[in-house]
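Subject: The structure you asked about

Hi,

Here is the structure to look at while you read. Open it up first, and then come back to my notes.

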Amino acid sequence: MCTSSRTPVGAAPRGLGIAIATAPPARGASRGSCERGVPGLGVRQSWNFVGLDRGSRREDKKKEREWKGPFYFIQGADPQFGLMKAWATGDCDNGGDEWEQEIRLAEQAVQAINKLNPKPKFFVLCGDLVHAMPGRPWRKEQTEDLQRVLRTVDSDIPLVLVSGNHDVGNVPTPETIAEFQRTWGDDYFSFWVGGVLFLVLNSQFLYDASRCPALKQEHDHWLDQQLRTAGQRACRHAVVFQHIPLFLQSIGEDDDYFNLTKSVRKEMADKFVEAGIKAVFSGHYHRNAGGTYRNLDMVVSSAIGCQLGTDTHGLRVVVVTAEKIIHRYYSLDELSEKGIEDDLMDLLKEN
């Protein structure tokens, strides 16, 4: 169902006809150490690309680059175990010693996804998996609890994980990036599903890479290569996943904690437009937002976990057709009780 790009480091073979090819390993680091997870969790030790078969035959890999018809996937963001307590106590730097509410919400999200029929092609989580920053108390415990929940994702639904600022640090270092790789998998990569190219970025490199300039350079070089592939129109669509949005409403808005700086966002948006990227999906804001720039759709999804606005805990359903990408945000209750609405399901029947 999916093919990915950056040098494979092994994965859980699940027999789904999904293939992975990824970027070269970074100097001095094992890129995408997806076989390394929390011991004792069985098959789901390989967290990123769970359900993606890196051992697929060459012909299967080629097939994933071919358009086969409409499909859909699920996007979530910011389960961020620990933030609800930290936010409630007004101590986001040191709080977060309880996360029972987030466990329940993440369990509800997984249960809602598992009930969907037909199954989504994959489930992508756009960063801030846990609240505790690298080196902070409760990080290990929050991570283990989230992994236990994610272990229950239906084995036929591949899991794709995006790094956020709480996952690698506001100012990442080679050490925090390496920790993410050991715990979850690659911090950036690309993959193919049914003729569509998906790029997963590490947006912290775009936010502040002052303590890991060499890693940013490798990330940028890889991204330029991927955008060239997209620009050759070898894919039906190309889509980007990252944690921090380019912008919240418009390309010219003021700089904010929740967006990238004007100079960076404009440079990246122009690159994406020129390469034919259709949409960028992100989280980070803990509210629904977004806008358009030229032909680029910037989609900001609210959180599975703590809400900072008036939205509900939820997930986004994204339908990919031959001509367009349609998305709709559902509360967890809505998706659990009613499933996906008929008008979106009808799009999956189009040729």
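This is a predicted model: local features need pLDDT of at least 70, side-chain atom pairs count only at pLDDT 80 or more; totals for chains, interfaces and linings use all residues.

The protein chain has an average pLDDT of 87, and 82% of the residues score at least 70. Still, coordinates with low pLDDT should not be read in detail.

Now for helix α8, which covers residues 213-231. Its 19 residues reach 26 Å from first C-alpha to last, close to the expected 27 Å. Which of its residues are buried? They are Leu215, Glu218, His219, Trp222, Leu223, Gln226, Leu227 and Ala230. After α8 comes arginine 233, with a positive phi near 55 degrees.

α8 also has a partner, helix α9 (residues 262-275): their axes come within 8 Å and cross at roughly 35 degrees. On the α8 side, the residues that meet α9 are Leu223, Asp224, Leu227, Ala230 and Gly231. On the α9 side they are Met268, Lys271, Phe272 and Ala275. Sorted by type, the residues of this contact are 6 nonpolar, 1 polar and 2 charged.

Next, the loop between β11 (296-300) and β12 (314-320), where threonine 312 lies. Serine 301 lies in that loop too. Is serine 301 buried or exposed? Serine 301 counts as buried because its relative accessibility is 1%, and the cut-off for buried is under 20%. Its side chain makes a polar contact of 2.6 Å with the side chain of glutamine 75. Leaving out residues up to four places away in sequence, serine 301 touches Gln75, Ala77, Ser282, Gly283, Arg287, Asn288 and Arg316.

Threonine 312 has a relative accessibility of 42%, so it counts as partly exposed. With the residues up to four places away left out again, threonine 312 touches Ser302, Ala303, Gln307, Tyr329 and Ser331.

Cheers

Conventions:
Residues are numbered from 1 along each chain as its sequence is written. Side-chain values use heavy atoms; hydrogens and water are left out. Helices (H or I, at least four residues) and strands (E, at least two) are DSSP runs, numbered from the N terminus. Buried means under 20% relative accessible area, exposed over 50%, partly exposed in between (1.4 Å probe, protein chains only). Contact means heavy atoms within 4.5 Å. The expected span of a helix is 1.5 Å times one less than its number of residues. pLDDT is the predictor's confidence in each residue, from 0 to 100. Axes are lines fitted to C-alpha atoms, for helices over the stretch in contact, and angles run from 0 to 180 degrees between N-to-C directions. Ala, Val, Leu, Ile, Met, Phe, Trp, Tyr, Cys and Pro count as nonpolar, Asp, Glu, Lys and Arg as charged, and the others, Gly among them, as polar. A polar contact is a pair of N or O atoms within 3.5 Å; within protein, one must be able to donate a hydrogen and the other to accept it, and residues adjacent in sequence count only if both atoms are side-chain atoms.
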